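Here is my note on the two-chain model. Please read it with the coordinates open.

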Amino acid sequence: MRVLVVEDFEPMARAIVTGLRREGMAVDVAYDGDEALGHLALTRYDVVVLDRDLPGVHGDEICRRLAAGRSPSRILMLTAAGSLTDRVDGLGMGADDYLAKPFDFPELTARIRALARRAAVPLPPVLAHGDIRLDPASRVASRAGQRLALSAKEFAVLEYLLACAGRVVSAEELLERVWDEAADPFTTAVKQTMRRLRAKLGDPPLICTVREGGYQIGEP
Amino acid sequence: MPELRHPGPARAFRPSLRARMTLLYGAVICASGVALIGVTQLLAPGLLGHGVQKAGGPDLPGAVTAGPPTRVPPTIGPSAFWSIVVAFAIMAVLSVAAGWLVAGRFVRPLRAIITTARDISASNLHRRLGVRGRGDEITELGETLDHLFGRLEASFQAQRHFIANASHELRTPLSAGRALLQVALADPEPTVETLRATCEELVELGDQQERLIAALLALAGSQRGIGQLECLDLADITRDALLARQEEAERHGIRLRAALAAAPVTGDPSLAESLVANLLDNAIRHNLPGGQAEISTALTTAGAAITVSNTGTLVPPDAVQDLFQPFRHLGTQRTRHGEGHGLGLAIVRAIADAHGASLTAHARPGGGLDIEVTFPLTSAAQRANAPDVTAQLTKVPYIKHANPVA
């Protein structure tokens, strides 16, 4: 899951990014409005965590632009302005969710996950395929009732493939959706993660390699 | 804020303005009536009594005009006297009634002003009396009160805005601290390093809050006014402040240049130090890496002045005055600085105001600000220092071109 955190107060931004990365999300951060628009122009994020009171382009303006451009990114406004009027205004200008500071971190992650489920095709809270079950909220994946000990990236790759429900996913797409902007585009990280993931999933093989470097879950 | 209602009892003891105006009006009319009769009686003793005496009948004093020439002894019969009294009483009643009406007409706008002014409180300060009319004193009173309410409303709004900003600024590090702690607590495999990093961040956030609170107190202190007055030299204060900031300037890669000539002022020592410190901090913190700041003090004809010019980001000329409002940053500023709390220049302005000093600020064409604070020449300072200072200035022993520190 790819998340953009737009927050001008650096210690707050660092805390959010650290917490979300630990949850296995691929997180980029922008410290002002212009930087955020730059990121949004380049990458399709699943969820944008947006502070309202930003230097440069105001958070409200970013929200309006995303809504007007029919962006697929879900917007979660995370801001100090928490009165009823503020919340109504925020949701009215196109935000999908609103969380006032100070907030509880588990609530933030839960809301981000809930927003990500509301993709173009709604996703169930627990992903399943054959004997595989994957619960993004509790971060538990199991096969035939056996819990799988997956790393954060392996988990995220499996989650993405399950969410794509049999569609062929290219290595580049995986790199964009699961890794953050710090990833080297020529890295073999996807290949290596996929090898480890397959080894942990065991037999019968679940992930197939399709011609020209694509991956697919289910029957070839 | 409690509403101030005027208690009723005061009115029970004292007659209203309308009643007093009526009484006064009636009294004046009656007095002039009495005076008129008295004067007439004195000057023309027969005038009132003539017709009555001759006819001895029921004629009213009006018959006087019909009577023959006045050659009759000047005495007034009892019926004529009563006629005068009755006429007088009628006139008195009429004049009181007229006075009541006229006074009512005058007092009515006042009553409207009182009713509206009583209704206006902190929660509906936007209301106005809106007295319109002839441009007389009552209209003027209404307009003056409206202006007063306008100023009060602006001041209340500024205060609310300030409190909202201050609480926001205080809450921001608190929320960040809470998020940091929750993230650290949720860490399934905490290490000494990650916990230490969290602790350090929390300490830094605490420092930031302390600085903000100190600045808020400094602002409140400078707005309260001057405590003790002493003869000071801005050059000495600036020199000490510069020495204390050399390291920080080096860290930011900023060159400080100073030309410090004696600039005697009479002022509160701690406030004057705070003013200089905030000017210098602003010049260092809102500068560019590798930028510079020039600081000078001097005694001019207008008074003792301190001038600070620094490079920095471009400031739109119309945004300069806004920077002296509390919690105003330049909109283009990339992130909230860990050190800046947005109160420095507001403190400078409050201290300058408290000392009656003039403050001018200009945006520099290449970016950054020129700020000059000129303290008025007080007689004491002038007497004590001015002759010496002119001598010193001609010799220029005080002017030091401080070495660039970076």
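**Notes on the predicted model**

1. Three strands form an open sheet in the order β10-β12-β11 (chain A), and the pairing is antiparallel. β10 (169-170) and β11 (207-210) of chain A are at the edges with a single partner strand each, so one side of each lacks a neighbour in the sheet. β10(A) and strand β12 (residues 214-217) of chain A run antiparallel and are joined by two bridges. A:S170 stands opposite A:G214 in β12(A). Strands count as paired if DSSP finds at least two bridges between them. In general, strands of a sheet pair through backbone hydrogen bonds, either parallel or antiparallel.

2. Basis of these notes. This is a predicted model: local features need pLDDT of at least 70, side-chain atom pairs count only at pLDDT 80 or more, and totals for chains, interfaces and linings use all residues. Residues are numbered from 1 along each chain as its sequence is written, while chains are lettered from A and ligands numbered from 1 in the order in which they are written.

3. The four-stranded sheet. Chain A also has an open sheet in the order β6-β7-β8-β9, again with antiparallel pairing. Its edge strands are β6 (127-129) and β9 (146-147) of chain A, and each pairs on one side only. Strand β7 (residues 132-135) and strand β8 (residues 140-143) of chain A run antiparallel, joined by four bridges. A:L134 has A:A141 in β8(A) as its bridge partner.

4. A helix on that sheet. Helix α6 (residues 152-164) of chain A lies across β6, β7 and β8 of chain A. It runs at about 75° to β6(A). Axes here are lines fitted to C-alpha atoms, for helices over the stretch in contact, and angles run from 0 to 180 degrees between N-to-C directions.

5. Chain A overall. The chain has eight helices and twelve strands. Helices (H or I, at least four residues) and strands (E, at least two) are DSSP runs, numbered from the N terminus. Buried residues make up 40% of its 220 residues. A residue is buried if 20 or more other C-beta atoms lie within 10 Å of its own, exposed if 12 or fewer, and partly exposed in between, with C-beta atoms placed from the backbone. Of the contacts in chain A with a separation of 6 or more, 57% are between residues 24 or more positions apart. Contact means C-beta atoms, placed from the backbone, within 7 Å.

6. Helix packing in chain A. Which angle do α2(A) and α3(A) make? Helix α2 (residues 33-42) and helix α3 (residues 59-68) of chain A pack at about 20°, with axes 10 Å apart. They are therefore roughly parallel to each other; the cut-off is under 35 degrees, with over 145 roughly antiparallel, 65 to 115 roughly perpendicular and the rest oblique. α2(A) passes α3(A) in a right-handed crossing. A crossing is right-handed if the near helix is turned clockwise from the far one by less than a right angle, and left-handed if anticlockwise. A:G33, A:A36, A:L37 and A:L40 of α2(A) meet A:G59, A:E61, A:I62 and A:L66 of α3(A). By class, that contact has five nonpolar, two polar and one charged residues. Ala, Val, Leu, Ile, Met, Phe, Trp, Tyr, Cys and Pro count as nonpolar, Asp, Glu, Lys and Arg as charged, and the others, Gly among them, as polar.

7. Chain B overall. Chain B has ten helices and seven strands. Buried residues make up 27% of its 406 residues. Among contacts in chain B between residues at least 6 apart in sequence, 71% join residues at least 24 apart.

8. Helix packing in chain B. The axes of α6(B) and helix α9 (residues 344-354) of chain B come within 8 Å and cross at roughly 20°. The two are therefore roughly parallel. Their crossing is left-handed. Residues in the contact include B:A215, B:L219 and B:S222 of α6(B) and B:I347, B:A350 and B:A354 of α9(B). The contact divides into eight nonpolar, two polar and no charged residues.

9. The interface. 21 residues of chain B are in contact with 19 residues of chain A. On the chain B side, α5 (137-185) and α6 (192-224) are the elements that give two or more residues. α5(B) gives the most, with eleven residues. That side divides into seven nonpolar, eight polar and six charged residues.

Notes:
Two residues are in contact if their C-beta atoms, placed from the backbone, lie within 7 Å.
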